[in-house]
Amino acid sequence: MSGHSKWNNIKRKKEKTDGARAKVFTKIGREISVAVKEGGADPASNGKLAALISKAKANNVPNDNIQRIIKRAEGGDKTEYEAMTYEGYGPGGIAVMVDTLTDNRNRTAANMRHYFDKFGGNLGQMGCVGFLFSQKGVIVVDLEDKDPDVLMMDALDAGADDFDAGEEAAEVTTTPDAFAAVCDALKAKGYEFISADVAQVPSTTTALTDPDQMANMAKLLDALEDDDDVQDVWHNLENEDELGR
């Protein structure tokens with residue numbers, strides 16, 4: 001996993017997700033809607049939809065909500081979203097990738113440029129940092145009352161590629177194609193997820209030590225995550241748990 005795991009950050013991430021549940025539901029719902037329009041409403045033949053359903057369930061989106069979103073998209077919801085990924089550098093040269101779904105490309109591009117400029121970074125061209133990341137399924141499993149060795153065997157048997165355990169949680173990584181199947185297999189065995197997503201995982205990480213850069217990085221991440229058009233934010237900051245967010 002080479003520096004990707006941030007065990008000190010797991011509790012904060014879970015609390016933040018719980019506290020912003022409505023926004024999380026909305027963003028995942030938007031992704032599901034786009035996936036249905038692109039590939040159909042059957043997750044058996046639409047791998048992207050299957051992965052998003054697994055992500056939704058991991059974030060405690062009720063199944064009724066998921067099915068309602070699928071039916072609405074299948075029935076001809078007229079809202080058209082365009083997927084755009086923005087790449088740039090945050091304070092101190094931290095690589096940042098931002099996945100968006102937008103119905104107004106000009107608005108979103110202007111907002112992205114504003115956030116990066118305001119908080120000491122700069123928005124770059126497509127591909128400027130993408131080579132530093134690879135797409136992987138990442139499932140963080142709560143280890144309370146669970147044996148990590150048993151979890152490791154269950155995960156690998158289900159098709160996982162890698163496993164990394166801390167004291168309170170374990171991180172299971174998969175290929176994007178295997179993500180939904182591994183999620184379903186672990187859920188069926190009673191494991192609880194802290195988070196699950198097909199993520200952009202950095203190959204190398206960079207630490208910030210300057211207090212001003214750390215403060216600005218925290219503000220940049222908050223601004224990006226709060227934007228309604230932003231679906232996910234990925235970065236290669238090593239010491240995110242020290243940002244105080």
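## A partly exposed asparagine

Asn60 is partly exposed, with a relative accessible area of 44%. This residue belongs to a predicted model. Asn60 sits in the loop between α3 and α4 (63-74). Its phi is positive, at about 65°, although Asn60 is not a glycine. How does that compare with the general rule? Most residues other than glycine have a negative phi.

Asp145 also has a positive phi without being a glycine, with a value near 65°. Look for Asp145 in the loop between β4 and α6. Is Asp145 buried or exposed? Asp145 counts as exposed, at 76% relative accessibility.

## The sheet of four strands

Four strands form an open sheet in the order β3-β1-β2-β8, and the pairing is antiparallel. Which strands lie at the edges? They are β3 (122-123) and β8 (230-235), and each of them pairs on one side only.

Start with β1 and β2. Strand β1 covers residues 82-89 and strand β2 covers residues 95-102. They pair in the antiparallel sense over 8 bridges. Two bridges can be picked out by name. Ala83 has Leu101 of β2 as its bridge partner. Thr85 has Asp99 of β2 as its partner. The hairpin of β1 and β2 has 5 residues between the strands. In this hairpin, Gly92 takes a positive phi near 70°.

Now move on to β8. Strands β2 and β8 pair in the antiparallel sense, over 5 bridges. Thr100 stands opposite Val230 in β8. How many residues of β2 are buried? The count is 7 of its 8 residues, and the strand is mostly covered. In a regular strand the side chains alternate between the two faces of the sheet.

Helix α8 is made of residues 211-226. It lies across β2 and β8, and runs at about 155° to β8.

Helix α8 also packs with another helix. Two packed helices are described by the angle between their axes and the distance between the axes. For α5 (residues 105-118) and α8, the angle is about 165° and the axes are 9 Å apart. An angle over 145 degrees counts as roughly antiparallel, so α5 is roughly antiparallel to α8. Which residues make the contact? Helix α5 supplies Met112, Tyr115 and Phe116. Helix α8 supplies Leu220, Ala223 and Leu224. The crossing of α5 past α8 is right-handed.

Asn239 is found in the segment after β8. Is Asn239 buried or exposed? Its relative accessible area is 8%. Buried means under 20%, so Asn239 is buried. What does Asn239 touch? Residues up to four places away in sequence aside, Asn239 touches Thr206, Ala207, Leu208 and Met214.

## Strand β4 and its partners

Strand β4 (133-142) pairs with β7 and with β6. The link from β4 to β7 has 9 bridges, and these strands run antiparallel. Here Ile139 stands opposite Ala196 in β7.

The link from β4 to β6 has 6 bridges, and it is antiparallel too. Gly137 has Thr174 of β6 as its bridge partner.

## Helix α7 and its buried face

Helix α7 spans residues 179-188. Which of its residues are buried? They are Phe179, Ala180, Val182, Cys183 and Leu186. Seen down the axis of α7, these buried residues fall within an arc of 165°, so they line one face of the helix. An α-helix has 3.6 residues a turn, so residues three or four places apart point the same way.

What do the buried residues of α7 pack against? Two of the elements are helices, namely α3 (47-58) and α6 (148-158). The others are the strands β4 (133-142), β6 (169-174) and β7 (193-202). After α7 comes Gly190, with a positive phi near 90°.

Notes: Residues numbered from 1 in each chain as written. Predicted model: local features only at pLDDT ≥ 70, side-chain atom pairs only at ≥ 80, totals over all residues. Heavy atoms only, no water. Pairing = 2+ DSSP bridges. Contact = heavy atoms within 4.5 Å. Axes fitted to C-alpha atoms, helices over the stretch in contact; angles between N-to-C directions. Buried < 20%, exposed > 50% of the residue type's maximum accessible area, 1.4 Å probe, protein only. Arc of directions from axis to C-beta. Parallel < 35°, antiparallel > 145°, perpendicular 65-115°, else oblique. Left-handed = near helix turned anticlockwise from the far one by under 90°.
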